Amino acid sequence: MRFGRVLFPLIPLIVITGLSEILVSSGVIPKYLLPAPSQVASVLLDDPGSFISAFLETARASALGLLFSVVFGLLIALILSFSTLVRKMFYPYAIFFQTVPIIAIAPLLVIWLGYGLPTVVASSFIVSVFPVIANSVTGLLGTEPIWLDLFQLMDASRLQVLLKLRFPAALPQVFAGFRIAAGLAVIGAIVGEFIAGSGLGGLVDTARNQQRVDRVFAAVLLAAILGILYFAAIAFLSRILLVNRKDDQDVLV
Amino acid sequence: MIQLQGASRIFTKTGTGLGATSLDFNSGEWVTLLGPSGCGKSTLLRLIAGLEKPSEGTVIRPQAKDQIGFVFQDSALLPWLSVLENTMLPLRLKGVSLKDAKASAEKELNRLRIQIHAGSKPHELSGGIRMRVSLARTLVKSPKLILLDEPFAALDEPIRIELGLELRELFNSLKPTIVMVTHSITEALWLSDRVVVFQGQPGKVVLDEALGFGAQRTLSQRGDPRFLSMVERCFGILKGGLQ
């Protein structure tokens with residue numbers, strides 16, 4: 001089963017890579033539109049230093065953005081779920097926040113925070129925080145009524161209900177939010193880097209100006225690998241924390 | 001003693017629930033509520049537990065919630081806690097120290113002969129064991145009143161009988177007040193001291209009868225002519241309601 005989990009996703013990757021190599025090498029698709037996979041690999045191998053450095057910059061910024069999203073998103077969700085009044089007052093703004101296109105506010109971030117890491121981290125945070133809030137609030141409010149009855153019969157305080165019942169019961173959905181946020185944190189960082197420079201986003205921007213499609217693809221590939229690494233790390237963490245929870249099996253798959 | 005004085009709880013959307021009901025439940029008595037779905041049996045339990053407020057009338061019950069134990073049809077165990085942790089939960093929420101809560105929980109697990117499962121998670125257990133854990137979690141509070149909402153509904157017949165007998169023995173030794181809801185006429189008559197039959201939507205009491213089968217229960221009692229005639233009587237009432 002574990003073998004299948006690794007093998008099956010590799011099949012389409014191998015097929016698509018092989019097919020694009022053949023189509024580009026044979027001239028069916030022009031090289032300036034789509035680089036052959038071998039060309040992308042050679043770009044990465046020819047100039048590993050700049051790619052590694054850009055990768056690490058994006059990794060640092062997106063990791064910080066994701067960390068802030070996880071911490072503040074969860075905190076906001078706990079506050080929103082604790083009080084109906086607070087939720088009614090502030091949840092619409094959380095939704096509004098999500099609908100604002102990051103590309104439109106990224107220049108503002110540069111004005112407020114300057115070029116460099118703070119802007120990129122802020123962009124990553126803004127894009128990735130909403131799924132954490134939305135999933136966590138849904139999970140925290142979706143507690144089985146029978147368990148709420150049970151806690152009421154045990155005369156539990158509101159804080160006990162939140163911390164001993166709602167929060168642990170919501171963990172599968174909380175982690176589902178983290179997994180969505182993981183990919184978005186990388187996207188947010190890349191968008192921030194488009195404007196603020198540096199990292200894989202800056203590298204893509206420069207390569208685009210130079211019409212270097214192969215370098216764009218190499219950077220995109222690294223960004224995707226980064227997103228997958230975060231996703232895998234969170235899935236690993238959730239497997240450890242949610243071990244032996246039959247109710248979580250569907251969410252974990 | 002628990003008293004319902006003209007208490008009703010009617011769900012306006014469906015018209016189901018409990019019609020105006022006056023009943024007394026005496027201390028140390030096992031009363032079983034019988035009736036078709038939607039006649040308000042579970043609603044009555046929830047009214048007694050304080051989980052619902054009556055639409056009309058009053059319910060007099062123990063003021064302290066820790067005197068009330070509730071066993072749900074679904075064992076309602078928390079899947080992220082072990083059997084021992086689930087059993088300790090009521091005490092931990094009350095602020096009892098870990099050491100004392102653990103000792104009390106282990107005592108109840110021993111009493112219900114499930115101490116071997118103390119470290120297991122609920123999904124690793126059979127339905128019968130899960131129900132025993134749910135009972136242990138209820139008993140750990142030493143409640144004076146135990147409300148059982150179809151506790152055996154999801155169990156196989158042999159386990160129902162075994163658990164029913166054990167529960168009756170526990171009742172005989174601890175003497176709490178028990179109010180149980182079931183759909184099984186045999187189970188109701190075999191386990192309890194008194195049976196209350198409901199009919200209609202919203203439900204009304206159509207039979208309230210003390211059974212007088214004594215404290216001890218054996219399987220052979222279910223073949224007793226007086227028991228069988230009572231089964232027939234209840235069946236007739238419930239069947240009449242359906243027609």
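This passage looks at chain B as a whole and then at one pair of its helices.

The model is predicted, so to speak of local features a pLDDT of at least 70 is needed, side-chain atom pairs count only at pLDDT 80 or more, and totals for chains, interfaces and linings use all residues. Residues are numbered from 1 along each chain as its sequence is written, while chains are lettered from A and ligands numbered from 1 in the order in which they are written.

Chain B has 7 helices and 9 strands (DSSP runs numbered from the N terminus, with at least four residues of H or I for a helix and at least two of E for a strand). Its radius of gyration, taken over C-alpha atoms, is 18 Å, close to the 18 Å that the globule rule (2.2 Å times the number of residues to the power 0.38) gives for 243 residues, so chain B is as compact as a globular protein of that length. The C-alpha trace spans about 55 × 40 × 30 Å along its principal axes. Of the 243 residues, 44% are buried, meaning that 20 or more other C-beta atoms, placed from the backbone, lie within 10 Å of a residue's own.

Now for the helix pair. H2(B), residues 83-93, packs against H3(B), residues 98-111, at an angle of about 125 degrees, with the axes 9 Å apart (axes are lines fitted to C-alpha atoms over the stretch in contact, and angles run from 0 to 180 degrees between N-to-C directions).

Methods:
Buried ≥ 20, exposed ≤ 12 C-beta atoms within 10 Å, placed from the backbone.
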